[in-house]
2 protein chains.
Amino acid sequence: MTTQHVAPVAPRPSSPGHGAQAPISLTDYRITSGFWADFQRLNRDAIIPHCDESLERVGWVGNFRAAERGTLATERVGRLFTDSELYKTMEAMAWENAREAAPDLVARLAEHADLLARVQAEDGYLNTFYGYDGGPERYSDMEWGHELYCAGHLLQAAVAVMRTDGPEVLVDVARRLADHICDQFGPGRHESLCGHPEIETALVELYRATGERRYLDQAALFVERRGHQILADTMYKGRDYYQDNEPVRTAEVLVGHSVRALYLAAGALDVAVETGDDELFTAVRAQYDRTLERRTYLTGAMGSNHHGETYGDDFELPSERAYAETCASVASVHVAWRLLLATGDARYADVIERTLYNSVVSSPSVDGRSFFYVNALQRRAPGIDPEPGVPSLRRTDGTRAPWFTTSCCPTNIARLMSSLSAYVASVDATGVHLHQYAEGSLETTFGAGRRVRLSVTTSYPHDGAITVCVDETDGGEWDLSLRVPAWSRASTLIVDGEARAVPHGEVTISRAWAVGDEVRLELDVSPRFVHPDPRIDHVRGCVAVERGPLVYAIESVDQPGLDLDLVAIDVAHAPVDSTASVGIDGVTPVTVKGVAHAVSAATWPYGEQAPPASSTATDLTLVPYFRWANRGKSTMRVWTPRVDVLSH
Amino acid sequence: MTTQHVAPVAPRPSSPGHGAQAPISLTDYRITSGFWADFQRLNRDAIIPHCDESLERVGWVGNFRAAERGTLATERVGRLFTDSELYKTMEAMAWENAREAAPDLVARLAEHADLLARVQAEDGYLNTFYGYDGGPERYSDMEWGHELYCAGHLLQAAVAVMRTDGPEVLVDVARRLADHICDQFGPGRHESLCGHPEIETALVELYRATGERRYLDQAALFVERRGHQILADTMYKGRDYYQDNEPVRTAEVLVGHSVRALYLAAGALDVAVETGDDELFTAVRAQYDRTLERRTYLTGAMGSNHHGETYGDDFELPSERAYAETCASVASVHVAWRLLLATGDARYADVIERTLYNSVVSSPSVDGRSFFYVNALQRRAPGIDPEPGVPSLRRTDGTRAPWFTTSCCPTNIARLMSSLSAYVASVDATGVHLHQYAEGSLETTFGAGRRVRLSVTTSYPHDGAITVCVDETDGGEWDLSLRVPAWSRASTLIVDGEARAVPHGEVTISRAWAVGDEVRLELDVSPRFVHPDPRIDHVRGCVAVERGPLVYAIESVDQPGLDLDLVAIDVAHAPVDSTASVGIDGVTPVTVKGVAHAVSAATWPYGEQAPPASSTATDLTLVPYFRWANRGKSTMRVWTPRVDVLSH
């Protein structure tokens with residue numbers, strides 16, 4: 001890690017004190033149109049209001065009112081971690097208001113903050129599930145209780161408020177709660193930790209926002225405590241379920257519940273960066289790298305198993321029944337972002353891009369009012385319809401639901417989308433890095449207050465051409481770095497009318513820029529086949545299709561009459577853009593050549609001969625994976641057998 | 001169904017009043033040596049004593065003593081269904097004593113029966129988890145409570161006692177309990193049903209043993225009630241988890257928790273047979289047939305998912321992380337046996353054979369004192385060692401454990417193995433059917449008391465030759481039917497020195513037999529490749545190896561230095577018997593030609609090219625699947641990629 005000091009307070013979700021690169025503020029980059037602008041609008045107009053309304057409808061805000069009235073014993077509703085959903089929604093409201101003034105959201109945020117202030121206990125404790133007369137005692141269930149998890153999300157909401165001039169009262173609430181936690185769990189006190197990591201990264205961020213060293217020390221202590229079997233063994237799942245099987249410092253790969261593992265990794269990286277703990281940093285980076293190498297879906301999603309919501313073994317990546325929780329994808333973006341800032345390795349920006357396009361935005365429906373909790377890569381049977389108005393008990397992988405009894409995913413989408421602009425670019429001592437491509441403008445400073453303004457013109461990801469224009473500069477030399485994604489087979493950089501091929505990674509142009517200077521990067525977004533590592537048993541003999549950063553899927557809606565269990569792709573013919581009308585706005589369908597098989601009926605699905613099959617040539621139409629299941633119930637697959645394998 | 005009346009009381013686990021064939025008694029067939037004799041000895045010497053000792057050690061017998069003392073409120077241990085494990089062990093003791101006198105087991109059985117009689121409530125209720133002062137109320141949790149499930153196992157133990165001259169007191173206990181249940185849940189009373197089916201088949205069998213029609217009517221009522229959403233929706237799993245989503249009469253395939261589904265199917269078939277309800281019979285048969293066709297593992301195991309212990313969608317049959325619970329295999333044998341007797345279709349005897357050899361006996365270790373709860377078909381990473389002396393919380397798929405917090409599997413093995421001889425043959429009006437092949441002798445009657453005695457000489461499944469000799473006959477004409485397994489590629493029947501090829505199914509020789517007449521059946525047990533249906537995504541491009549009725553597996557112990565994630569089989573060379581010493585008694589290893597691949601390191605497991613791989617030719621040694629994980633921790637796979645697919 002090189003060292004780069006950054007301003008302590010500005011609207012950005014993570015603000016490390018050191019690193020190869022420093023984050024911009026989310027207000028520095030204005031996304032004006034295109035893919036991400038559309039999603040940010042959806043987030044503002046639908047997702048955030050939907051979360052806020054749902055929280056009222058199901059009574060999870062009401063729990064705080066019951067706490068105020070002292071009637072929790074008879075009136076509390078929902079599972080033990082529902083408080084956190086309000087906090088995440090409040091965080092989203094704060095970022096969203098910074099992005100673009102939103103008086104309605106601010107009013108609600110202030111209302112919620114006031115309520116929390118009235119409910120908070122004298123000693124700073126705040127939780128509606130524990131610690132009231134007739135309820136379970138505070139910290140009586142560290143394994144499952146989620147108290148520090150909920151607290152962490154409150155701290156993060158308060159940090160967002162601090163950095164966006166939100167209601168000051170929430171900051172007081174958060175500091176009192178954080179002080180209470182340090183008092184309770186400090187050295188020599190209650191030597192325990194929370195079954196669900198989250199407090200670690202939250203305490204570090206609160207330290208960054210306030211300068212209060214105590215919070216950092218407490219975060220470091222929580223990270224060090226984990227892995228020493230302090231928590232009880234879990235029923236069926238083992239202590240690796242909550243990463244208490246092995247110290248963070250010596251673990252080799254992410255294990256157990258994927259969201260817990262990734263929240264912990266983010267917190268451990270934050271601690272390592274702030275304390276200069278290279279050993280810890282290197283260990284967590286290696287864990288994440290190995291997880292990318294062996295335990296990550298093509299979509300960037302993580303977590304193979306419904307049972308325990310856990311990572312599988314290396315290369316255990318089933319497409320059907322994949323858990324691939326939305327929250328794990330959000331958390332993976334957080335981890336990759338921390339690694340990108342700390343190391344400057346553009347590979348992590350590739351991971352962020354892949355994850356955002358394919359397993360974050362796959363969660364919300366086109367109307368932003370229902371969500372996938374799990375993001376499976378194959379669906380054999382049409383899903384079930386959620387019961388209207390009732391939070392879904394099930395994390396079905398076939399249809400989206402408006403809300404869940406455990407509803408962590410919608411609010412996580414809300415807070416990430418509202419702060420998304422902060423992840424688009426970063427700066428260092430000598431210039432600017434563009435990591436993600438979205439039409440808009442960047443106005444920021446780097447080095448010792450050197451000011452720069454750029455505009456980006458692109459219809460990415462539909463098209464691979466990105467034009468960057470310098471709109472303001474100080475006349476001195478500085479570096480403009482552009483990410484060249486690994487998926488682009490041929491990438492061309494055009495500067496001053498001269499084109500040259502550039503390899504993937506990052507390309508840096510160093511010069512004394514003048515206003516009006518233009519740089520154009522042309523990436524090859526034409527559709528392509530992708531093959532899996534042979535050790536991934538579940539997709540052996542299959543190919544997938546990608547186009548630019550988007551993973552594509554075959555959905556039954558687009559192949560009437562075909563059984564998706566029996567189609568195959570002919571890889572001898574390259575996939576091509578299609579002009580078919582698929583009834584989804586703003587996407588480019590892709591066509592491949594393939595066959596539809598028919599198999600004869602059998603009473604036993606195994607035999608001495610590969611089953612005789614007759615085949616009919618057919619074209620198959622693919623749509624971006626993130627848009628599947630928006631046209632009624634359907635079946636779907638990302639990985640499809642190659643004709644040469646299925647015909648054997 | 002044709003009609004065949006059978007004697008009401010004899011040592012047999014299921015005694016239908018009608019059917020194409022009638023069961024023999026387990027005392028009719030004496031298995032004297034070979035594969036099943038070895039397992040029955042293991043069951044008698046190790047498995048049954050281990051279950052009985054474990055029940056004492058973990059306090060599950062102690063719960064009944066605490067009930068007697070009135071101290072359950074402070075002393076009860078274990079989960080809510082532990083009573084059933086004692087009942088299943090008692091059932092095993094009764095059958096085992098009938099098979100071969102076992103005074104020690106009878107003494108324990110009587111001791112347990114006396115204890116139950118002392119504990120049973122005045123009104124017949126009997127359960128250590130519910131209904132005592134300070135405990136949960138009787139029938140307060142029909143969804144999860146398992147009260148009728150436990151009761152069902154007690155009834156089955158009592159039926160075994162009735163049919164084997166065991167302690168009469170247990171029969172009284174069972175009748176009082178059954179009467180209590182009929183009083184509580186009869187028409188117009190508590191209109192509910194148990195979340196875990198089992199009472200249905202138990203009540204029918206008690207009706208068969210006692211002639212008490214009320215029990216049959218109550219069983220029929222429980223079957224009819226199911227599927228009408230009487231039970232609450234389950235968290236995450238849906239009502240299909242306990243088959244309360246759709247009436248048994250209209251369902252099309254087995255769904256949800258596989259053991260529940262199969263216990264229900266057995267009970268529904270029993271009801272259908274006794275009441276002559278052809279519609280119900282046909283529906284359940286079709287459900288099971290479709291389940292065999294689309295939802296069954298090569299090993300005969302059922303239940304794809306750890307989450308909910310459920311069936312997957314059609315063709316969703318992952319090898320790794322397969323649940324494939326031992327109890328589901330035991331239950332599938334029960335269902336297939338009922339269908340075989342009712343229809344006479346030899347295909348169900350094939351299913352029984354496959355399931356017994358490959359997913360029932362795979363559970364116990366060679367010493368009969370540890371067990372697989374789940375029987376996965378692939379294991380990528382070596383399992384974990386169970387903690388000595390502590391019931392395992394985890395249903396690991398890599399190593400066996402001596403006991404589980406939910407320990408249904410060991411006791412299910414015990415009761416099936418002790419009654420196994422009853423499943424070997426059956427009779428009808430005109431003769432004898434041999435379904436399974438084991439060295440021994442059959443002495444039984446058919447038709448109007450016609451007596452026959454046969455001896456069977458074979459070293460099956462090691463060898464495919466089976467010789468049947470008539471040792472006693474009445475001189476009249478009768479039919480000897482022998483099953484010809486579907487897996488045998490070439491089968492020869494030799495009668496009077498004349499050989500003829502016979503197709504799979506059943507071959508019947510009708511003649512006036514004389515003492516000393518011999519029939520010889522020669523099955524082809526040479527090893528062979530088996531290919532999967534192309535719709536089973538998880539094993540696409542793979543082959544498995546079978547030899548006779550045994551499914552084989554590649555275990556890491558036998559291929560030192562090779563990574564089982566990167567081996568492939570060359571199907572151009574037929575598998576052959578091997579003379580390699582594998583350190584497992586009584587099995588014939590098999591060798592195949594194959595390759596070991598090496599792949600270059602990559603930071604992302606997907607790419608535009610199928611990953612470059614170098615290959616080294618190698619022989620691979622396979623052992624019978626049921627014997628894997630008996631030589632230390634290892635990795636294993638049943639399905640292995642074909643060279644031509646992995647090399648693409």
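Predicted model: local features only at pLDDT ≥ 70, side-chain atom pairs only at ≥ 80, totals over all residues.

**Across the chains**

I started with a strand pair: β20 of chain A (residues 606-607) and β14(B) run antiparallel over two bridges. Strands here are DSSP runs of E with at least two residues, helices are runs of H or I with at least four, and both are numbered from the N terminus; two strands pair if DSSP finds at least two bridges between them. I looked up A:Tyr606 and found its bridge partner in β14(B) to be B:Pro532.

Residues are numbered from 1 along each chain as its sequence is written, and chains are lettered from A and ligands numbered from 1 in the order written.

Next I checked the contacts (C-beta atoms, placed from the backbone, within 7 Å). I got 59 residues of chain B touching 59 residues of chain A. On the chain B side, the elements supplying at least two residues each include α11 (278-294) and β19 (590-599). β14(B) gives the most, with five residues.

**Chain A by itself**

I noted 15 helices and 23 strands in chain A. Its C-alpha atoms fill a box of roughly 75 × 70 × 45 Å along the principal axes. Of its 648 residues, 59% are buried, meaning 20 or more other C-beta atoms, placed from the backbone, within 10 Å of a residue's own. Among chain A contacts with a separation of 6 or more, 67% join residues 24 or more positions apart.

Conventions
Contact = placed C-beta atoms within 7 Å. Buried ≥ 20, exposed ≤ 12 C-beta atoms within 10 Å, placed from the backbone.
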